[in-house]
Amino acid sequence: MTKNFPWYSSYPEGVPHEIDPDRFPSLPAVLDDVATRFPDRIGYTNMGVGLTYQKTQELTKDFAAYLQSLEGMQPGDRVAIMMPNLLQYIVAVFACLRAGFIVVNINPLYTAREVNATLHDSGAKAIVIIENFAKTLQQALPGTACKHIVTTGVGDLFPFVKRTLVNFVIRHVKKMVPAYQLPNPVNFVDALAAGRAAGMKPHDIDNRDIAFLQYTGGTTGVSKGAILTHRNLLANMQQVGYWISSTFKEGEETALTALPLYHIFSLCATFSFTQFAATMVLITNPRDIEALAKECIKWDFSVIVGVNTLFAALLNNKTFCSHHFKGLKMTAGGGSQVQRSVAERWKEVTGCNILEAYGLTECSPGVCGNVPNAPWDGSCGVPIPSTEVSIRGEGFKDLGLCPDEESIPEHTGEICVRGPQVMSGYWGRPEESAAILRDGWLRTGDIGHMDKNGWITITDRKKDMILVSGFNVYPNEVENVIASMPEVLEVGVVGVPSAKSGETVKAVIVKKDPSLTVDQVKKYCRTQLTGYKMPREIIFVDALPKTPVGKILRRELKDIH
């Protein structure tokens, strides 16, 4: 890019207009670079056990060697990873990428139907899964190409005594591992030993090789895999790195990682902090707010990445609020807009402003962000380096910058993005890829305007999408599940405001069977949908509001009580 964009004037000192997405040949090369320069620094820690960068590098090579040894596995094949934030996740991700495989992240709370759909669409040949959810995988395997299964217990990378104790308690005392039957599963520890004995065969990676199929709902509500290359993630890693470089120092930072790593926001943050040789504190169960608060105090972290609901929950915890956060340099908020009351309270308690950013899976995910240490103002900031944003109207016309508040309506349109972090398309869906990618621009589907200085304000979101605690919920998927009940004639689904999660799912149903109850609907949905997709409000009506051509008027569903 050679243009002199207006947002450059807002860049923090030292942040370049452009980044070099080809600086590293691959994501594992970033880990290798840090392991060479900071071999003894703890890179990742979980439940009191830490891995140095050098040890992490060694383990990724061992696990990569194991994956290479599996029958029928070739570079470019997909490997699914289904687990919460554990040391094993870090090892598995870098190992897959090192061996030339493509990572498919799967939310471990997915139902068997959702897991099956992801495995089937991606064609994953192997999966690494925490044993707590192996029962779900057992139900999801039929009809998929997944032949190789590695299971892991929570404590598998802990020292022997702690590993034995933790796994015993989880399996036999807390009974958190339901009985399961899988074809020839291999334990993670055994896989590491086998790989260590075999030795890894070096594999040359081009940074334009695919690194992740990151599944997202997209505009139609059908789950699809965004194709993200090493270069896409490396670009966003650098973009974020430069953005925070004025306050971050190599080998000195501690990042609290409470958001799940299978979510693109947390995943990119992890790569970004790895380049700084930061210590990342992996939180396996962020729902235990009291335990999370204690970890916050123990580590006195310098950066935390979160969503509005996480910040609000911590602010409602006495343990957290009683601490004086001397080391906190940065709080990054994304996934959904941070509420003003939460942002102001966070500043009051921690002394740190929330840096609100905007992105989406298709952009690896970062697009724009507020300037570090700037007070919250409801804007999502300015485009980050090497990123161009254009507001487009009818006929894909560039609506230009908005000179003043009176001109907002005529300068409001679809936010479109181009830059090295933008995906190359959706896996196996050329028509949908062509619809969202036009002339090098990604059409986000989000609506907003840009002021004369390049600051972007989002005024509406992707049509019909529901945002629950930073996670996308698409009405079509929930509607299809509920409509599959024999007792249901019609159903419409919308999002409604929630103080706790930003939005929750509301279902409006026309009965086929008059005896159908709310409890029956909820019980059925629990077998088909992840928790955050569950309808919290269910209302029965005689008829759904529709357009003359029979399309459900979702906007009117919100007003039905």
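Student: Which residues do ring pairs link into a cluster?
Tutor: The model is predicted: local features need pLDDT of at least 70, side-chain atom pairs count only at pLDDT 80 or more, and totals for chains, interfaces and linings use all residues. Numbering runs from 1 along each chain as its sequence is written, and side-chain values use heavy atoms, without hydrogens and water. Rings of Phe, Tyr and Trp (its six-membered ring) pair with centres within 6.5 Å; planes under 30 degrees apart are stacked, over 60 edge-to-face, the rest tilted. The cluster joins Phe5, Trp7, Tyr8, Tyr11 and Trp243.

Student: How many aromatic pairs does the structure hold?
Tutor: Some of the ring pairs build the cluster of Phe5, Trp7, Tyr8, Tyr11 and Trp243. Over the structure, the number of aromatic pairs is 17.

Student: What kind of pair do phenylalanine 5 and tryptophan 7 form?
Tutor: Their ring centres lie 4.5 Å apart. Their planes meet at 5°. The pair is therefore stacked.

Student: Is phenylalanine 5 buried or exposed?
Tutor: Buried means under 20% relative accessible area, exposed over 50%, and partly exposed in between (1.4 Å probe, protein chains only). Phenylalanine 5 has 10% relative accessibility. Tryptophan 7, its stacked partner, has 2% and counts as buried. Phenylalanine 5, at its 10%, also counts as buried.

Student: Tyrosine 11 and tryptophan 243 also pair; what is the geometry?
Tutor: The ring centres of tyrosine 11 and tryptophan 243 are 5.1 Å apart. Their planes stand at 90°, so the pair is edge-to-face.

Student: How far apart in sequence are the parts that tyrosine 11 and tryptophan 243 tie together?
Tutor: Helices (H or I, at least four residues) and strands (E, at least two) are DSSP runs, numbered from the N terminus. Tyrosine 11 lies in the segment before helix 1 (27–37). Tryptophan 243 sits in helix 8 (residues 230–244). The separation is therefore 232 residues.

Student: What is the relative accessible area of tryptophan 243?
Tutor: Tyrosine 11 is buried, at 10%. Tryptophan 243 is buried too, and its relative accessible area is 4%.

Student: How many salt bridges does a search of the whole structure find?
Tutor: Side chains of opposite charge can pair when their charged atoms come close. A salt bridge puts a side-chain nitrogen of Lys or Arg within 4 Å of a carboxyl oxygen of Asp or Glu. The search of the whole structure finds 20.

Student: Aspartate 62 forms a salt bridge with which residue?
Tutor: The closest N and O atoms are 2.9 Å apart. Aspartate 62 lies in helix 2 (residues 53–69) and its partner in helix 7 (residues 188–198), so parts 134 residues apart in sequence are tied together.

Student: Which residues do salt bridges that share partners join into one network?
Tutor: First, a separate pair: arginine 429 and glutamate 432 meet in a salt bridge at 3.6 Å, N to O. Glutamate 432 is partly exposed, at 24%. The network consists of Arg113, Glu114, Glu477 and Lys533.
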